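Thanks for making the time this morning.

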Amino acid sequence: AINRTTGVISGTLTATASAASPYMVTVSVSDGTSSASTVFSWTVTPVGLPARTVRMGSPTGPVTPGTSFTVPVQFNAETAQVVSYLFELTFDPTVVMVTDVSQGSTLFDAPVKNLEFDRGKVRFAANNPTFAPATGILTLANVTFQVIGSAGRTSPLQLRLPANGVLVNRVNDSFQAIAGVAFVDGVVQVP
């Protein structure tokens, strides 16, 4: 609801509202004689990041054709000692293309990547070469996109473990796949 006096927008969001964020919102007003409207992008940011969840970021504001934006790939490792990862990112190649995947946390090497721009798929991997403690909420990588789609187009940004992909945990002197990993997708909307 919009408060007529203050203009404050208020209400209750669903627990999954951030999954489809950002939202394009149009607000229109009229006094019976004159009217006006405006469009803005409303980003719903999740509170916290659940344990063993990987989140693909979304742009924080409107994106227009020809512009670029960078979003993080974050993982809440809790107490797991992350030593390597391999992810696959899919997207609509008629809306965006990946131009770079760069290092997030300095605990990890710069990601090795295969950028299949025209196919809407990118795989990237990195190692924690010193086995330094990599626990808690980690930014594993930063992904840069260029917007190539026209107004009104949307693309999901879906991050997954490919068939041979894994997040690896160091337990004592052995290495194990981190089980039970969940994913939160990002999205790009061209207003």
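This is a predicted model: local features need pLDDT of at least 70, side-chain atom pairs count only at pLDDT 80 or more; totals for chains, interfaces and linings use all residues.

**Salt bridges in the model**

Let me begin with Asp185 and Arg160, whose side chains meet in a salt bridge at 2.8 Å, N to O, where the term stands for a side-chain nitrogen of Lys or Arg within 4 Å of a carboxyl oxygen of Asp or Glu. Asp185 sits in the loop between strand E13 (182-184) and strand E14 (186-189), while Arg160 belongs to strand E10 (residues 154-160), so this pair ties together parts that are 25 residues apart in sequence. Strands here are DSSP runs of at least two residues, marked E and numbered from the N terminus.

Residues are numbered from 1 along each chain as its sequence is written, and side-chain values use heavy atoms, with hydrogens and water left out.

How accessible are the two partners? Asp185 is partly exposed at 21% relative accessibility, and Arg160 is partly exposed too, at 35%; buried means under 20% relative accessible area, exposed over 50%, and partly exposed in between, with a 1.4 Å probe and protein chains only.

By the same rule, the count comes to six salt bridges. Another of them joins the side chains of Arg170 and Asp173 at 3.5 Å, N to O, and here Arg170 is partly exposed at 28%, whereas Asp173 is exposed at 70%.

Methods:
Helices (H or I, at least four residues) and strands (E, at least two) are DSSP runs, numbered from the N terminus.
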